[in-house]
Amino acid sequence: MNHFHIYEAIGHGKYSTVYKGRKKKSIEYFAIKSVDKSHKSKILQEHADKQKSIAGLVPAIEKARLYRGKGGEIMRSAVSRFIECVSLSNISLPEKIKHSLLDTLNENMRHPNSQIQNVAVEAFKHFVLAYLVEEKPEDRDAEARVNAVKGLVSACETLCATKECSQLLPEEDIVSLYHMIMNEVMHSLLEALEDYSVDNRGDVGS
């Protein structure tokens, strides 16, 4: 709590009290939970149990084969959204569960239903940031960023130039593809124009 100004209590639980707090040197306010030391081990165990149950939810759904039937597509979207929420919460997960969730997202991104694909892609973005990327993007070398831009451009060219594209995809998916390129890919490329790298020679660009 050294980084916060603590104000009045705004709530009480069985083993804890919630205070209104403000981060020092900022105007950001937070709800800060203070746990009684005598109950700390019990609270930590409860959190560990909850994390374990959360981590096992998706494997349990797949084991029960709930992707089948009319509700299967709805369940796939819900599972991807659940993985996104888990990633945003940065819940600690065993490596085995991480691989399992990654396989689930990959499967959903390959699903023929475009809505399921979109939800899975959004979840995958947060999953990567939470569990697969250790270093900050700005810490990667310039060559890696250059190759990423080249790869992005190449992927767009391939998707748009393939003659079979119109035969494989419905018209609405083709329109969605072009909208994605215009709205998201172009935004990324424009941001890349502001990307420069500095080494012992000075500003070398990227």
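A salt bridge here is a side-chain nitrogen of Lys or Arg within 4 Å of a carboxyl oxygen of Asp or Glu, and helices are DSSP runs of at least four residues, numbered from the N terminus. The model shown is predicted.

View 1. Lys 98 counts as buried, at 16% relative accessibility.

**View 2. Helices H3 and H4 cross.** The axes of H3 (residues 72-89) and H4 (residues 95-109) come within 10 Å and cross at roughly 135 degrees. That angle makes H3 oblique to H4. The crossing is left-handed. H3 contributes Arg 76, Val 79, Ser 80 and Ile 83 to the contact; H4 contributes Leu 101, Thr 104, Leu 105, Glu 107 and Asn 108. By class, four of these residues are nonpolar, three polar and two charged.

**View 3. Glu 107 forms a salt bridge with Arg 76.** The closest N and O atoms are 3.0 Å apart. Glu 107 lies in H4 and Arg 76 in H3, so the pair ties together parts 31 residues apart in sequence. Glu 107 is partly exposed, at 36% relative accessibility. Arg 76 is buried, at 11%.

**View 4. Glu 84 forms a salt bridge with Arg 81.** Their closest N and O atoms are 3.2 Å apart. The two residues are three apart in helix H3, about one helical turn. Glu 84 is buried, with a relative accessible area of 9%. Arg 81 is partly exposed, at 43%.

Conventions. Residues numbered from 1 in each chain as written. Predicted model: local features only at pLDDT ≥ 70, side-chain atom pairs only at ≥ 80, totals over all residues. Heavy atoms only, no water. Axes fitted to C-alpha atoms, helices over the stretch in contact; angles between N-to-C directions. Parallel < 35°, antiparallel > 145°, perpendicular 65-115°, else oblique. Left-handed = near helix turned anticlockwise from the far one by under 90°. Contact = heavy atoms within 4.5 Å. Nonpolar A, V, L, I, M, F, W, Y, C, P; charged D, E, K, R; others polar. Buried < 20%, exposed > 50% of the residue type's maximum accessible area, 1.4 Å probe, protein only.
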